[in-house]
Amino acid sequence: MYIFKQKAALKRHLRILRERQIRIGYVPTMGALHEGHFALIERAISETDIVICSIFINPTQFNDAQDLKRYPVQTDSDIQKLLEHEMNILFLPSVNEIYPDGLKHLEHYSFGALETMAEGLHRPGHFQGVGQVLSRFLEIIKPDRMFMGQKDYQQLLMTRKLVRLADLKTEIVAVPIRRERDGLAMSSRNIRLSEEARKTAPELYKTLYFVSTNLDKQPLDALLETARKQLEEKGFKVDYLILADAEDLQAVDRFTEKQSLVLLAAAWLEGVRLIDNILVNTILS
Ligand code: AMP
């Protein structure tokens with residue numbers, strides 16, 4: 001596995017591959033790698049010729065300084081895992097390498113309404129940060145395909161928008177959520193859960209599943225209210241629990257079978273923020 005820390009050297013390397021018509025797959029991550037990341041990496045290996053993974057904890061997408069400070073860093077074991085999965089290239093830049101002019105006065109994107117709902121509402125500025133970092137990595141790597149998880153569903157939609165806005169050639173491939181055996185969506189943040197909280201955490205998925213299987217049986221507002229109460233009784237503090245249009249994330253107030261929908265939730269459990277979602281009448285594409 002090649003490890004690049006500098007973008008100029010990586011660019012030179014990739015230029016040669018591109019000239020040989022080698023298809024480049026790219027998986028962006030913030031590290032603390034788990035099987036959810038490897039779902040993306042395996043898909044990338046199966047669909048492209050060379051796969052590059054990046055590990056970069058992007059400061060501009062953290063609206064909460066404490067969250068950034070507490071974000072797990074496990075570079076040595078990440079490298080070991082990538083070697084075991086026969087990763088081709090790892091890009092491991094410093095903050096200065098990506099933001100040489102500092103973190104102030106960065107570009108602003110017109111993401112529209114998509115930016116102000118769900119995650120956007122609770123993490124102001126988050127998606128601007130995602131846009132700032134992904135546009136830089138896409139400019140450096142210019143991958144044929146970039147692989148993103150359904151786990152961060154809104155981020156997936158925003159990234160598609162970013163690619164359209166900037167008229168980039170990269171195709172975005174969405175990969176389904178990989179879960180623990182008890183249903184908990186895998187996440188780097190799960191390692192911060194206490195033993196007790198880890199036992200409770202799968203209730204988030206179980207509750208979403210309960211809602212998704214009862215949508216045609218009860219009025220939506222009553223169903224969501226019951227679900228929210230169930231979560232709160234188990235110790236969650238719910239940021240949002242909504243049924244929304246799968247394309248533009250506008251919350252809907254009733255369920256209709258013909259509409260592509262997504263059930264989205266974010267909730268805190270003992271200071272750890274968990275997100276999850278279930279697609280309803282929608283095939284991930
Ligand atoms: P992160 O390192 O959390 O920024 O995640 C990097 C990429 O991995 C994002 O595209 C995530 O959506 C994706 N990802 C994280 N967890 C999972 C999971 N459990 N299943 C599938 N993809 C995931």
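This is a predicted model: local features need pLDDT of at least 70, side-chain atom pairs count only at pLDDT 80 or more; totals for chains, interfaces and linings use all residues.
Trainee: How many residues surround the ligand, and which are the closest?

Mentor: The ligand is surrounded by 16 residues, and the closest are Met30, His37, Asp152, Arg178 and Met186.

Trainee: What kinds of residues are in that shell, by class?

Mentor: The shell around the ligand has eight nonpolar residues, together with five polar and three charged ones.

Trainee: And which helix or strand supplies the largest share?

Mentor: That is H2, which contributes three residues, while strand S2 (24-29), helix H2 (35-47) and strand S5 (145-149) each supply at least two residues of the shell.

Trainee: How much of the ligand does the protein bury?

Mentor: The protein buries 93% of the 490 Å² that the ligand exposes when taken alone.

Trainee: Switching to the helices, at what angle do H1 and H7 pack?

Mentor: Helix H1 (residues 7-19) and helix H7 (residues 126-141) pack at about 50°, with their axes 8 Å apart, and so H1 counts as oblique to H7.

Trainee: Which residues meet there?

Mentor: From H1, Lys7, Leu10, Lys11, Leu14 and Arg18 meet Glu139, Ile140 and Ile141 of H7, and the residues of this contact divide into four nonpolar and four charged, with no polar ones.

Notes. Residues are numbered from 1 along each chain as its sequence is written. Side-chain values use heavy atoms; hydrogens and water are left out. A residue is near a molecule or strand if one of its heavy atoms lies within 4 Å of it. Accessible areas come from the Shrake-Rupley method with a 1.4 Å probe; for residues, only the protein chains shown count as cover. Helices (H or I, at least four residues) and strands (E, at least two) are DSSP runs, numbered from the N terminus. Ala, Val, Leu, Ile, Met, Phe, Trp, Tyr, Cys and Pro count as nonpolar, Asp, Glu, Lys and Arg as charged, and the others, Gly among them, as polar. Axes are lines fitted to C-alpha atoms, for helices over the stretch in contact, and angles run from 0 to 180 degrees between N-to-C directions. Angles under 35 degrees count as roughly parallel, over 145 as roughly antiparallel, 65 to 115 as roughly perpendicular and the rest as oblique. Contact means heavy atoms within 4.5 Å.
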